[in-house]
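Here is a short report on a predicted model.

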Amino acid sequence: MITVRKKYWPDKLPAVSTITQTGGKKVAWLHSDSTVYAFYGADLFKSANWGEAWTAIATLPSTINQVRKLSDGKILVVSNSGKIYLSDAAEANFVKVHEFSAGATSEHNFGLRVYDQMIFASEYGVKKNKAYMSHDNGATWEQIFEHPDPDASHVHDICYDPYENLIWITTGDGITQRNIFWSADFGNTWETMPHDHHISATQIIPMPECVLFGSDDFVGMTIWRHDRPDKGTHGSVVRPYPAWSPIKKWPYSTPWMNHAAIQFGGSGAAYFGWLQPASSVAVPSAIYGTRDGYTFAPIWVERNLPSTGAASPLLGILGVYGPDSAGNLAARLVSSYGGSDEQLLKIELPTWVEM
């Protein structure tokens, strides 16, 4: 049986966009009310006018790696030291609510997802192989995963999949440690790919008919896809295949996909980009979008190759966030503009139309 799918394409390319220097602040989140959150070291900031002015919120005990504004008004912060802090609804009085394994850290660009009241977080570092879940907007936490191979390097990404009530996890970095796990019972049991199949991915993007995995691989920028079987993923063989790439031959060091902005639902979409090592830049920075997981479009492309005016080791797109209620995305763009490497990229999303 041949499946005939509708194809969707943006009505305007490239999308309308603006780039604003952040003074070194690292863009980390876009809330639905268009407030942008960013950090500089241990200092947390927000902007209500797309980076024209910033308001200091708090100074945390250690360097910040990730930020989320939650539905109850609180702010969740994950530090470089592997500690999770939660504010009150007034964005003040941060308290530690959880801590990773001794010596574990977190990544800037993956390993933290929020869905409704559920929050999923994974630790990072050498042989740091655990992941955690909160059912109550970050107030309490439980461990739900530990890699069965104690020598596995670390967990990459974790994501809740509302289409099949699954939790997905990707791990790395060695060949046999490049794996994908999924659970249909909130981490009580886990399934994994066949032992002869290995994928290195740093992003998980659930969509209605498929699950996409964004690459972290020396072969270049790749989207791997798992088509949802009619009988469901739970209990099925999962063997994602390379489905799409913006560049067919990659000549340099490993690029990797960072935090993707995902809209769930029947008319959902996803927006994402890759970073590139500064020592081996091959293509312009870009943000790609897909409405269905089968057709991909370049929503925004940098006019030049990303460059650095300082010593930033990583360039390009280091996270895409949103959209807000007005239909905008915020992205962290690391590329030199006016003497600053850190930029806030605002993108006005186009409308997806059936081809």
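F272 and W274 are both buried. Their ring centres lie 5.8 Å apart with the planes at 90°, so this pair is edge-to-face. The whole structure holds 19 aromatic pairs. Another of them joins F120 and Y160: the centres are 5.9 Å apart and the planes stand at 0°, so these rings are stacked. F120 belongs to strand β12 (residues 118–122) and Y160 to strand β15, so the contact ties together parts 40 residues apart in sequence. Both F120 and Y160 are buried. The two residues also belong to a cluster, in which ring pairs link Y115, F120, Y160, Y163, F186 and F264.

Charges meet rings as well. K25 lies over the face of F45, at 4.9 Å from the ring centre. The charged end of R291 sits over the ring of Y8, 4.1 Å from its centre.

**Pockets**

| Pocket | Volume | Lining residues | Nearest the centre |
|---|---|---|---|
| Largest | about 530 Å³ | 25 residues | W29, L30, V114, I262 and G322 |

Which elements give two or more residues to the lining of the largest pocket? They are β3 (26–30), β7 (64–69), β11 (112–115), β15 (154–161), β24 (261–263) and β29 (314–321). β11 supplies the largest share, four residues. By class, the lining of the largest pocket divides into 15 nonpolar, six polar and four charged residues.

For the second largest pocket, the elements that give two or more lining residues are β2, β28 (297–301) and β30. The lining here has seven nonpolar, six polar and two charged residues.

**The sheet**

β2 and β30 also take part in an open sheet of six strands. The order is β2-β31-β30-β29-β26-β23, and the pairing is antiparallel.

N328 stands opposite E348 in β31. β29 links two parts of this report: it is a strand of the sheet, and it gives two or more residues to the lining of the largest pocket.

Notes. Residues numbered from 1 in each chain as written. Predicted model: local features only at pLDDT ≥ 70, side-chain atom pairs only at ≥ 80, totals over all residues. Heavy atoms only, no water. Pairing = 2+ DSSP bridges. 1 Å grid on protein atoms, 1.4 Å probe; cavity = no way out; pocket = protein on both sides within 12 Å on 5 of 7 lines; lining within 4 Å. Points joined across faces, edges and corners; volume = space filled by probe spheres on them. Nonpolar A, V, L, I, M, F, W, Y, C, P; charged D, E, K, R; others polar. Phe/Tyr/Trp six-rings, centres within 6.5 Å; stacked < 30°, edge-to-face > 60°. Buried < 20%, exposed > 50% of the residue type's maximum accessible area, 1.4 Å probe, protein only. Lys NZ or Arg CZ within 6 Å of the ring centre and 35° of its normal.
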